[in-house]
Amino acid sequence: MRKTKEFIIEKLILVCGLASIFFVVLIFLFLLKEGLALFNIVGPLKFLFGKSWYPISEPPQLGILPLILGSLLVTFGAAIISIPIGIGCAIYIAEIAPLKIKEVLKAGIELLAAIPSVVLGFIGIVTLVPLVKNVFHLPTGLTALSGSIMLAFMAMPTIVSIAEDALYSVPKNYKEGAFALGATHWQTIWRVMLPAASSGIVAAVMLGIGRVIGETMAVMMITGNAAVIPNSILAPVRTLTATIAAEMGEAVVGSEHYFALFAIGIVLFVISFAINATADLFLHKRQ
Amino acid sequence: MRNPHRTQKIAFSLLFLATLLIVVPVGIIVVIIIQKGLPAMSWQFLTDIPRQGMRAGGIFPAIVGTLYLVTGAILFALPIGLLAAVYLSEYSKDNILNRLIRLAIVNLAGVPSVVYGLFGLALFVVFFKFGASILSGSLTLGIMILPIIITTSREALESVPQSFREVSLSLGVSKWQTIRHIVLPNAIPGILTGTILGLGRAAGETAPILFTVAAFYLPQLPDSIFDQAMALPYHLYVISTQVPNVDEKIRYGTALVLLAMVLFMNLIAIIIRYRFRKLKKW
């Protein structure tokens with residue numbers, strides 16, 4: 001009796017162990033199920049590189065190039081801001097800050113990671129958007145730049161905590177060796193610690209960027225939502241994620257528009273899968 | 001020649017500046033929300049339904065909706081996540097399957113939240129015909145927080161010393177009994193931490209509930225798990241972008257309640273982790 005019970009429990013454990021694989025596959029299958037139907041109507045190339053997104057005009061034009069460029073622009077801006085600041089902060093926390101301050105800083109970073117994105121979006125609307133508008137004398141502050149700044153903040157916790165981990169796990173004797181040769185602390189950090197932690201730092205940056213590409217609410221609230229090919233960072237843009245979030249509510253189940261939004265979901269899924277798998281490879285290399 | 005000590009001074013100042021650039025805005029954000037949100041706080045705001053097209057009244061249905069969603073998500077994710085962690089920590093061997101599971105967890109954690117929303121719509125709302133309901137939303141959120149629960153529970157289980165297991169097994173106790181009576185009890189604080197972090201995440205997410213449960217304006221409480229419901233994060237989105245002329249006080253008040261809820265859960269998680277570290281006997 002006890003044997004059977006244990007047998008059942010152990011099988012149940014195995015099934016749950018496999019659950020995450022099951023769910024990843026399930027997510028992908030259901031995106032494909034709803035999204036691939038689009039390609040009977042619009043060719044994949046025309047979908048990816050089509051220059052106009054007018055899903056409710058007649059006939060609908062379903063080219064997502066403006067959305068891809070919008071996502072890229074916002075992500076690029078966020079990366080430029082968040083990578084140097086994030087890595088700098090990670091070095092400061094890992095190497096320079098005294099123990100007590102270190103704990104406070106880490107708690108602050110965790111706090112930032114915990115703030116819901118819709119709250120950050122709201123704060124962006126009331127503080128950042130008017131600021132950008134006034135500084136650059138624009139008709140509206142809802143621009144790619146505002147989105148980049150906000151997203152940079154959302155990428156920061158990921159970049160800082162993973163990069164700090166990477167720096168922390170550099171063997172102590174590397175550092176001691178550099179000190180023994182008369183190097184200053186900064187020289188040690190720059191020439192020894194950073195190169196030794198490089199694969200972890202690369203992973204940190206990639207995961208940070210992955211977070212930025214997938215972020216939805218804040219970016220939808222403050223980038224202005226104009227589905228046109230952006231001509232400057234001070235223009236309103238619309239990202240892939242924001243398009244899904246903003247339009248799915250109105251799309252009729254089974255319509256071309258509905259299929260197209262799922263097809264965008266496939267694109268996002270593939271991008272995030274590629275980024276996460278590669279970052280994991282970099283993290284794994286370190287161990 | 002450049003003076004290495006001066007270079008160091010400049011470099012360290014820059015690093016300090018970078019740190020300030022992150023930490024100071026975080027502080028400012030929290031202070032702004034508390035300062036402007038507190039005047040809105042009243043018993044009526046917390047317990048009344050929204051009135052006059054959400055321009056007056058309270059946010060009670062949104063708070064209740066979020067509590068339902070979070071409870072549903074954890075009821076689904078905790079058993080699966082915990083057993084998955086037991087598998088990874090106690091049963092799996094270092095083989096290709098283990099690598100695959102790890103990769104799947106990493107990717108599950110990285111899937112954009114709006115893609116979870118699409119998935120929930122396709123599977124629960126349309127395919128299983130649950131409709132836009134608390135059930136669909138909870139299941140979607142549950143799958144989303146699964147990686148958090150698996151990862152933290154696994155860490156908690158793995159931090160139980162190997163010798164505990166060996167002693168138990170050497171007394172003739174079976175493997176499952178060892179896990180059930182020795183390993184799990186010692187890992188509870190860590191598992192609890194992960195669960196609460198998962199709760200906080202589920203409470204704050206908006207994109208996964210957009211098309212699976214969230215109601216734009218529903219001034220009543222849901223009767224069953226097949227009903228739509230309001231939710232705090234979606235409500236904040238609605239009143240700050242979709243409805244014009246909402247009193248600023250109500251917006252900040254809603255943001256404060258949501259932020260307080262999420263931070264409160266994180267605080268509990270941090271306290272448990274801290275006390276556990278102190279009490280740890282090994």
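Helices here are DSSP runs (H or I, at least four residues), numbered from the N terminus. Keep that in mind as you click around, and remember that this is a predicted model.

**Stop 1: the two chains together**

Colour chain A and chain B separately and look at where they meet. Select the contact residues and you get 78 from chain B and 77 from chain A. About 6700 Å² is buried between the two chains, and carbon and sulfur atoms give 81% of that area. On the chain B side, pick out B:Leu15, B:Ile22 and B:Leu118: these lose the most area to chain A, together 9% of what that side buries.

**Stop 2**

Now show side chains. The rule finds two salt bridges between chain B and chain A. For one to zoom in on, select B:Arg102 and A:Asp280, whose side chains form a salt bridge at 3.3 Å, N to O.

Next, switch to cartoon and highlight the chain B helices that supply at least two residues each to the side touching chain A; among them are helix 1 (4–37), helix 3 (60–91), helix 6 (134–158) and helix 10 (248–279). Helix 1 of chain B brings the largest share, 19 residues. Colour this side of chain B by residue class and you'll see 59 nonpolar, 14 polar and five charged residues.

**Stop 3: the largest cavity**

Time to go looking for holes. There are two cavities of 30 Å³ or more, and the largest has a volume of about 50 Å³. To find the largest cavity, select its lining: A:Ser71, A:Val74, A:Thr75, A:Leu151, A:Val212, A:Ile213, A:Glu215, A:Val219, A:Thr239 and A:Thr241. Two elements of chain A give two or more residues to this lining, helix 4 (65–96) and helix 10 (198–214). Helix 4 of chain A gives the most, with three. By class, the lining splits into five nonpolar, four polar and one charged.

**Stop 4: the second largest cavity**

Which helix gives the most to the lining of the second largest cavity? Helix 13 of chain A does, with four residues. This lining has five nonpolar and three polar residues, and no charged ones.

Methods: Residues numbered from 1 in each chain as written. Chains lettered and ligands numbered in written order. Predicted model: local features only at pLDDT ≥ 70, side-chain atom pairs only at ≥ 80, totals over all residues. Heavy atoms only, no water. Contact = heavy atoms within 4.5 Å. Buried area = accessible area lost by both parts, 1.4 Å probe. Salt bridge = Lys/Arg side-chain N within 4 Å of Asp/Glu carboxyl O. Nonpolar A, V, L, I, M, F, W, Y, C, P; charged D, E, K, R; others polar. 1 Å grid on protein atoms, 1.4 Å probe; cavity = no way out; pocket = protein on both sides within 12 Å on 5 of 7 lines; lining within 4 Å. Points joined across faces, edges and corners; volume = space filled by probe spheres on them.
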